[in-house]
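I'll jot down what I look up, in the order I look it up.

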Amino acid sequence: MGATLFHITLFFLLFSIVQSRLYTLPQPIIQLPHLFSVADYGAIGDGLHYDTAAIQATIDACHSAGGGQIRFPPGTYLTATVYLKSGVYLVVEEGAKILGGTKLEDYPEESRRWYVVLAENATDVGITGGGVIDGHGMKFVKRFEEAKNVMVSWNETGACLGDECRPRLVGFLGCRNVRVWNIRLNEPAYWCLHLVGCDNTSIHDVSIYGDFNTPNNDGIDIEDSNNTVITRCSISTGDDSICPKTSNGPLYNLTVTNCWLQSRSSAIKLGSGSFYDFKGLVFDNITIDDSHRGLGMQIRDGGDVSDVTFSNMNIKTRYYEPALWWGRAEPIYITTCPRDSNSKEGSISNIRFINISATSENGVFLSGSKAGLLSNLRFQNVNFTYRRWTNFPDDLVDYRPGCRGLVKHSPAGMIMEHIDGLELENVNMRWSGVIQNKRWNNPLDFLPSTVNNISFLNFQSGSDSVREIRAPREGSIV
C-alpha cells in the first residue's frame with residue numbers, strides 16, 4: 001500500500017509540473033445549443049445509489065434536443081454502463097466523479113461493450129469538465145501482490161475467455177469527431193480510454209492513473225483508428241501507457257506530443273494486435289519515466305509498420321519482475337515475428353529515432369524475422385547511458401508474446417537480428433558506474449548473416465572514465 005501511495009503522489013506531482021511547463025493549448029471552441037444537468041433528471045450523486053437511469057435520461061433528452069452539454073455537479077455518481085450519443089458532451093465538473101459499478105449485471109451482455117461510458121457510431125461527442133471518471137479498479141483485485149496483483153475475471157460466466165474479463169472505463173466505437181480534454185481517468189479495471197474504428201479524435205490535457213501493480217490497465221488504446229492527436233497527457237499505468245493496435249483495419253496518422261508516461265510494461269507500444277498496417281505515426285517531446293520498456297513494437301500478426309518518427313524524448317527504463325511483466329528494461333524494443341504457426345510475418349520500415357536521451361538498465365533490442373525484416377532504421381543524435389540499479393538478472397532477451405519467449409542471451413548496448421538498412425549518426429553509448437555483469441562491455445551484438453547495410457557516422461561507446469572499448473566477444477562490432 002505504501003508503494004501505491006508513493007506512485008499516486010509522484011504521478012500527480014509530475015503531472016502538475018508537466019502541465020505548468022508546457023505551452024498552453026487553446027481550448028476547443030464548441031458552441032452547443034443546450035445545457036442540461038443530471039441533477040434535474042434525478043441523479044443523487046451520493047456514491048451509494050445508482051444514478052444510471054438519471055444519467056441516461058439526461059443524455060437521451062440532450063440528444064433529442066439536437067445536442068449540448070450535460071453537467072455533473074460535485075458529487076459521486078455510481079453507475080452501470082451509460083451510452084453517450086451524437087452531439088452530446090459530458091461536463092464532469094471539478095469535485096464530481098462518475099464511478100463505475102462492480103457487478104456483472106452493471107454491464108451489457110456482450111463483453112465487447114463492457115465500458116462505464118460507451119459511445120457507439122456517434123458523431124461530435126466528448127468528455128471534459130475537470131472532474132474524474134473512476135473505474136473502481138481496486139474492487140476487481142482478487143489478491144494484492146507486491147509484484148503483480150491477481151485480478152477478478154468474469155470468464156466463468158462464459159461471456160468472454162481468458163483472465164482479462166473485466167470492464168473497460170471509456171470507449172468510443174466507430175465514432176467521428178471525438179473530443180476528450182481536461183478530465184481525469186482513474187483506476188480502470190481493464191483498459192482505460194479505448195478508441196475503436198474512430199476518425200478525427202483529439203485527446204489533450206487528460207491525466208490517467210491506473211494502479212501500478214494491476215495488469216491490463218492500459219492508458220490509451222488506439223485501435224483501427226485514424227487521424228488521432230494526443231497531447232499534454234500524463235499517464236501512469238501498470239500496463240502499456242499508449243498502445244496503438246490493428247485488429248480489423250489499418251491505423252494511420254497518429255500524433256502524440258508533449259506527454260509524460262510511466263508504465264510497468266511499455267510506455268509506448270505498437271501491437272501486439274497487428275493484423276493490419278500502421279503508417280504515419282509521430283511521437284514527439286515525450287518523457288518516459290521508470291518504465292519496464294520505453295518505445296516498443298510487438299508486431300506478431302502480419303501487419304506492416306512504416307513511416308514512424310520518435311523525436312525529442314527523455315527515457316528512463318528499469319527492470320521489474322520479468323516473469324510477470326513483458327519487458328527487459330529496454331529503452332527501445334522493435335520486433336516482428338509470427339505469434340504462432342498460423343500467423344504471418346509483418347515488416348517494419350522507415351523508422352526514425354531523433355534527439356533521444358535514455359538511461360536504462362538494458363540495451364536496445366532490434367529483432368526482425370526471416371520473412372519480416374526491419375529496414376531503413378535511422379538513429380540520429382541519440383545518447384544511451386547504461387547502468388544497473390536493481391537486482392534482477394540481465395541475461396535474457398524477451399520475444400514475448402509468442403515467438404521464442406524468453407531466451408538466454410548476454411546483454412549488449414544494441415542487439416540486432418534480421419535487419420536490412422540501419423544508420424547510426426551521432427550515437428553515443430556510455431556505461432555509467434560499475435557494471436556488475438562483466439560481460440556487459442559489448443556495444444553492438446549481431447550475426448553478420450542476418451544484418452546488412454549498416455552505416456556509422458560519429459558512433460561512440462565507452463565508460464564514464466575511459467573512452468576506449470574493451471575487446472568484444474566474437475560476432476560483435478565496435
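**Disulfides**

How many disulfides does a search of the whole structure find? I ran it, keeping in mind that this is a predicted model, and it came back with two.

I took Cys-160 and Cys-165 to begin with: they are joined by a disulfide, with 2.0 Å from S to S. Both Cys-160 and Cys-165 are buried.

Then I went to the pair Cys-337 and Cys-403, where the sulfur atoms of the disulfide sit 1.8 Å apart. Where in the chain do these two cysteines lie? Cys-337 is in the loop between β26 (332-336) and β27 (348-360), and Cys-403 is in the loop between β30 (396-398) and β31 (406-408). That puts them 66 residues apart, so I note this as a link between distant parts of the chain.

I also checked the handedness of the Cys-337 to Cys-403 bond. The torsion about S-S is about 90 degrees, so I wrote it down as right-handed.

Are Cys-337 and Cys-403 buried or partly exposed? Cys-337 has 10% relative accessibility, so it goes down as buried. Cys-403 comes out at 30%, so I list Cys-403 as partly exposed.

Counting bonded cysteines along the chain, I get the pattern 1-2, 3-4 for the disulfides. Cys-233 is in no disulfide. I looked for its nearest cysteine sulfur and found that of Cys-259, 4.8 Å away; a disulfide needs the sulfur atoms within 2.5 Å. Cys-233 has a relative accessible area of 1%, so it is buried. I looked up Cys-243 as well: its relative accessible area is 0%, which means buried again.

**A serine I was curious about**

Ser-375 is in strand β29, which covers residues 374-386. Why does Ser-375 count as buried? Its relative accessible area is 19%, and the cut-off for buried is under 20%. Skipping neighbours within four places in sequence, I find Ser-375 in contact with Ile-348, Ser-349, Asn-350, Asp-420 and Gly-421.

**Cavity and pocket**

The cavity search gave me one cavity of 30 Å³ or more. About 80 Å³ of space lies in the largest cavity. Which of its 15 lining residues are closest to the centre? I have Asn-362, Phe-365, Leu-396, Val-397 and Ile-415 on the list. β28 (364-367) and β30 are the elements that give two or more residues to this lining, and β30 gives the most, with three residues. Sorting the cavity lining by class, I get seven nonpolar, four polar and four charged residues.

Next I turned to the largest pocket, with a volume of about 1,100 Å³. Its lining has 43 residues, and closest to the centre are Glu-164, Tyr-190, Trp-191, Asn-216 and Lys-245. Which strands each supply at least two residues of the pocket lining? My list reads β12 (150-151), β13 (168-173), β15 (193-196), β20 (242-245) and β22 (266-272). β22 has the largest share, at three residues. By class, the pocket lining divides into 17 nonpolar, ten polar and 16 charged residues.

**Whole chain**

I count two helices and 36 strands in the chain. Of its 478 residues, 59% count as buried.

The chain averages a pLDDT of 90, and 89% of the residues score at least 70. Where does pLDDT stay under 50? One such stretch is residues 8-29, for which I find 34 contacts beyond four places in sequence in the model. Residues 466-478 are also below 50, and that stretch has 27 contacts beyond near neighbours in sequence.

Methods
Residues are numbered from 1 along each chain as its sequence is written. This is a predicted model: local features need pLDDT of at least 70, side-chain atom pairs count only at pLDDT 80 or more; totals for chains, interfaces and linings use all residues. Side-chain values use heavy atoms; hydrogens and water are left out. Buried means under 20% relative accessible area, exposed over 50%, partly exposed in between (1.4 Å probe, protein chains only). Helices (H or I, at least four residues) and strands (E, at least two) are DSSP runs, numbered from the N terminus. Contact means heavy atoms within 4.5 Å. pLDDT is the predictor's confidence in each residue, from 0 to 100. On a 1 Å grid over the protein atoms alone, a cavity is a set of points where a 1.4 Å probe fits but cannot get out, and a pocket is an open set with protein on both sides within 12 Å along at least five of seven lines; lining residues have an atom within 4 Å of a point. Grid points are joined across faces, edges and corners, and a volume is the space filled by probe spheres set on the points. Ala, Val, Leu, Ile, Met, Phe, Trp, Tyr, Cys and Pro count as nonpolar, Asp, Glu, Lys and Arg as charged, and the others, Gly among them, as polar.
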